[in-house]
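User: Could you take me through the charged pairs in this one? I'd like the cut-offs spelled out as we go.

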Amino acid sequence: MRLSDEEGRAVRAAMAGELRLLEPAVRASPDAVGELLDPEFTEFGASGRRYDRVSILAVTSAVEDDDPGPDVSDLSGSMLAPDLVHLTYVTERNGRLCRRSSLWRRTGEQWRLYFHQGTPAGPARGTAENPADSRGGAA
């Protein structure tokens with residue numbers, strides 16, 4: 001499916017924000033992270049823990065800015081509504097995969113992360129422990 005120009009711009013803006021949030025130097029700066037988070041931000045982390053805007057700012061500011069951050073693959077997005085973009089992607093960090101889903105909401109001209117969820121997906125690709133993705137129904 002081909003995106004319209006408006007949809008393409010919206011998805012690219014959300015992707016750019018998402019990738020910025022994964023940069024260690026950005027994560028180490030509460031001001032930089034705060035600019036990218038919606039005031040009503042919520043996250044369900046890969047740990048199963050629930051975060052709000054205040055708690056995620058405390059967690060991200062503890063990150064070292066020389067940490068290389070995760071590898072990102074399979075980044076894709078779609079516009080769900082005029083001011084709402086859904087992104088999905090996979091991160092690999094320390095030999096572990098995590099599937100991620102984010103909702104970005106536009107307020108005025110600013111795109112901000114409204115919701116994020118990370119789900120552990122096992123060991124990294126190419127390891128004997130990693131089963132193939134299931135294309136069928138629910139497990």
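Analyst: Buried is used here for a relative accessible area under 20%, exposed for over 50%, and partly exposed for what lies in between, with a 1.4 Å probe and protein chains only. The model is predicted, so local features need pLDDT of at least 70 and side-chain atom pairs count only at pLDDT 80 or more, while totals for chains, interfaces and linings use all residues. Residues are numbered from 1 along each chain as its sequence is written, and side-chain values use heavy atoms, leaving out hydrogens and water.

User: Fine. Is D38 buried or exposed?

Analyst: D38 counts as buried, because its relative accessibility is 1%.

User: And how many salt bridges are there?

Analyst: There are four salt bridges, each being a side-chain nitrogen of Lys or Arg within 4 Å of a carboxyl oxygen of Asp or Glu.

User: Which residue does D38 pair with?

Analyst: D38 pairs with R105, with 2.8 Å between the closest N and O atoms. This links strand β1 (residues 37-44) to strand β5 (residues 96-107), across 67 residues; strands are DSSP runs of E, at least two residues, numbered from the N terminus. R105 counts as partly exposed, because its relative accessibility is 25%.

User: What else does R105 bridge to?

Analyst: E40 also forms a salt bridge with R105, at 3.8 Å between the closest N and O atoms.

User: Switching topic, what about R106?

Analyst: R106 meets D83 in a salt bridge of 2.9 Å, N to O. D83 lies in the loop between β3 and β4 and R106 in strand β5, so the pair ties together parts 23 residues apart in sequence. Salt bridges with shared partners join E6, D83 and R106 into one network.

How values were computed: Helix = DSSP H or I, 4+ residues; strand = E, 2+ residues; numbered from the N terminus.
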